[in-house]
Amino acid sequence: MNDSASGPTNLATDSANVAVQAEAIHGPVNVYQVAAAVSAEETFQAGLNSLRAGMAQEARKHIRDAVVLRNYVNGHSCFYLLLALLSGRTLQQVPRDEIAMLRCVRGAVKDDDEWTDAIKLVDRLLTSRPQEGGAVGLEQEFQKLTDEQRNDILQHMEMFLDSSAEDALWARAFDAARTDRCANDRLRRAWKFFQPDPIGARALPTDPVVIGLGVRTAVTATTTLAVATVGYIGAMAWQYDGTVALSALLTLATACYVSLRSGVEWRYKKQRWHAKDRAYLLRPATTTRGDGFASKIDHQFEHYFARYTPRGADRAQWLAETVGVRRALRDEVVTIYRESTVNAKSVAWLIRYMVADVARRWQADTLWDFRKKLRVPFLLKVLCVLTSITAIAAGAFLVWAGAHVEILLVSLAAVPALASVWSAARLWLRIAAEYRRYSADEAERDRILAGRRAAFDRWKKKLADRPDDLEMARWLECDRKALMEEAMTLYRLKRQDVLAHAFIEAPATPSYSRARVEDGPWRYSKYKILLFLLTTDGVRQLTQQLDFQKATTRSRARTNYRYDAFTSVQVAETDSGENVFELTLTNGDPIKVKVTDPPSDITETEDKDPQGASQLTLGTAGLGNALHVLEGVAAEGKKWIAFERQREKLPLAEVSRAVNALFT
């Protein structure tokens, strides 16, 4: 973290991940939400955002609502209604009633509309009608479109780019993916999406000054008695010798005041030293929380103390010497963020700041500076002792002088005077030291809180350019295209050699972070992506591990099998709530992939609909189309491809007629 730039130089960077699964839910962000009173145009925009984020089902619902039910009809809305109907599925998967929606807006698009060419190109891609110019003609039509239209067609018409004339479009899609894969500073910003919204800076409240009623009564009584008895003795001494008595009284008052002030400072420093020593001694945790919050904070402190080892230091020595400090800071964090709605990851910024500060002070040898600051100076002790002796001597002189006037009464008054002065001094010393402690605690708390607020502001500023979900979806789409290009290059395939294809995106175990915007799917910092290519010779499967934050891949695995090797394909929900894709072959172990996580232990406030988030994630993972393709192959073998083409003729004709109706 940059907060400790002046200290140790080997601290973890902000984008470093703890090797645990992390949770972050950002919202409300008003990307996919539609309030009850919004306009048709806003409803359409929410649908368009959902479509570009890969949530085709949500997109269809919003765009249908805007176009069909609320009459938001124009070339723009009709184009995206068409894309939403086709996105992520084959024509066999498009229900007839959804195709009929296009007929509800018959004649909505004019020939001079800027979206006319885009809609006609979609129709041509569906029907693959041979036209003069072949691939060149298709490319020329494609060139007429805007970048926005081209990108959306390449993303959502991917399943229909299956003719030789469309190789040029695939080449264009691959070029666009290479260009956009690290666009908008992805390598610097992507990790920020997985950081939860930080909770504000806090510090332990200062313990209030507690002066009991008994102490207040006692100090009032003893002070009153001391003033009365010393006053009486002083009056008797005044009768004996006024000048001498006045000098003794002034000496007594001054010596008592100085002695009390120095005694307060002595007592305060000694007590504060011992209190801090006790706080930093190794001891059991004093705070617990049944929902696991405390254990997560423990884990973070252990991780960051191990990771933030000062440069050149022995890690074992560093951890041993700071174990008490670690426990004290851990107890403080658990105490001040004890409410049930706080996610432990939301205070990770504070823990990093705390640990970095400890590391900086440890390396500078100032971690235990409080012992130097709180050491009672020898001169202060001498001053306290000498002024106490002076006060005793002045009091004794007053008694001696007063005894010359009234020996019996002065002698009797000397006993309660001595006792009351001693008791009052001790009580006032205790009270004054408590106020001194409170003042020091308040000043220290203000200093600590100011430092934490500055660290919080720096962290918020660092997260200010966190990517939105649409950027994350676009980057992931580019990663998929890059994998597709790599697979086709690896297997030496042209686009016409691929009869059908399907993707499955899953979190890459065992360690990854995940985050989502409100009403959006989970995004993962590490993916396991499976690509299935159906060719005339069989199925080509390519599996890769994707580090989304770095846009790098590793652990490539190739698998080839015949069509008749399929036994079954399914998605099953385990007892823990995970959704697991399983492909069973005649030979070898089943191919199992965890597609979604089990319900997490984050609070109801943070995730109002965990089941809905899981379903959205399943939808964006490409599972629907993969199941359609693989289940068909498992049931019908290689013949599925021909059968699928035959089955698509009727819905293809219906879609084409519905598209043409937009212009009549």
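**Legends to close-up views of the predicted model**

**View 1. Ser-568 in strand β8.** Ser-568 belongs to strand β8, which spans residues 566-573. The model shown here and in the following views is predicted. With a relative accessible area of 29%, Ser-568 is partly exposed, because this value falls between the 20% limit for buried residues and the 50% limit for exposed ones. The C-alpha atom of Ser-568 is separated by 5.2 Å from that of Thr-584, although the two residues are 16 apart along the chain. Apart from neighbours within four places in sequence, the contacts of Ser-568 are with Glu-582, Leu-583 and Thr-584.

**View 2. The chain as a whole.** The chain contains 23 helices and 10 strands. Of its 664 residues, 49% are buried. Contacts between residues at least 6 apart in sequence join residues at least 24 apart in 75% of cases. Zero disulfides are found in a search of the whole structure.

**View 3. The largest pocket and its lining.** The volume of the largest pocket is about 1600 Å³. Its lining comprises 47 residues, and Arg-272, Lys-276, Tyr-280, Glu-444 and Ile-448 are those that lie nearest the centre. At least two lining residues come from each of the helices α11 (242-280), α14 (323-336), α15 (348-363), α16 (369-373) and α18 (407-462). Helix α18 contributes the most, with 12 residues. Sorted by class, the lining holds 21 nonpolar, six polar and 20 charged residues.

**View 4. Arg-272 at the largest pocket.** Arg-272 is a residue of helix α11 and is among the residues nearest the centre of the largest pocket. Its relative accessible area is 11%, so Arg-272 counts as buried, the limit being under 20%. Between the C-alpha atoms of Arg-272 and Leu-374, which are 102 residues apart along the chain, the separation is 7.3 Å. Leu-374 is also in contact with Arg-272, as are Arg-437, Ala-440, Asp-441 and Glu-444, when neighbours within four places in sequence are left aside. Glu-444 is itself listed among the residues nearest the centre of this pocket.

**View 5. The second largest pocket.** The greatest contribution, 13 residues, is from α11. The lining consists of 28 nonpolar, six polar and four charged residues. Cys-256 has a relative accessibility of 31% and is therefore classed as partly exposed.

**View 6. The largest nonpolar core around Phe-79.** The largest nonpolar core is formed by 47 residues, and Phe-79, Tyr-80, Leu-86, Val-122, Ile-153 and Met-157 have the most contacts inside it. Helix α3 (residues 75-86) supplies the largest share of this core, with nine residues. Beyond its neighbours within four places in sequence, Phe-79 is in contact with Trp-115, Ala-118, Ile-119, Val-122, Gln-149 and Ile-153. In soluble globular proteins, nonpolar side chains tend to be buried together. Cys-78 has a relative accessible area of 0% and is therefore buried.

**View 7. Two loop residues with positive phi.** Most residues other than glycine have a negative phi. Arg-492, which is not a glycine, has a positive phi of about 55 degrees. This residue lies in the loop between α19 (469-490) and β2 (500-507). At a relative accessible area of 77%, Arg-492 is exposed, because the value is over 50%. Ala-551, likewise not a glycine, has a positive phi of about 55 degrees. The loop that holds Ala-551 runs between β6 (538-547) and β7 (552-561). Ala-551 is buried, with a relative accessible area of 12%.

Key
Residues are numbered from 1 along each chain as its sequence is written. This is a predicted model: local features need pLDDT of at least 70, side-chain atom pairs count only at pLDDT 80 or more; totals for chains, interfaces and linings use all residues. Side-chain values use heavy atoms; hydrogens and water are left out. On a 1 Å grid over the protein atoms alone, a cavity is a set of points where a 1.4 Å probe fits but cannot get out, and a pocket is an open set with protein on both sides within 12 Å along at least five of seven lines; lining residues have an atom within 4 Å of a point. Grid points are joined across faces, edges and corners, and a volume is the space filled by probe spheres set on the points. Helices (H or I, at least four residues) and strands (E, at least two) are DSSP runs, numbered from the N terminus. Ala, Val, Leu, Ile, Met, Phe, Trp, Tyr, Cys and Pro count as nonpolar, Asp, Glu, Lys and Arg as charged, and the others, Gly among them, as polar. A nonpolar core is a set of buried Ala, Val, Leu, Ile, Met, Phe, Trp, Tyr and Cys residues joined through side-chain atoms within 4.5 Å. Buried means under 20% relative accessible area, exposed over 50%, partly exposed in between (1.4 Å probe, protein chains only). Contact means heavy atoms within 4.5 Å. A disulfide is a pair of cysteine sulfur atoms within 2.5 Å.
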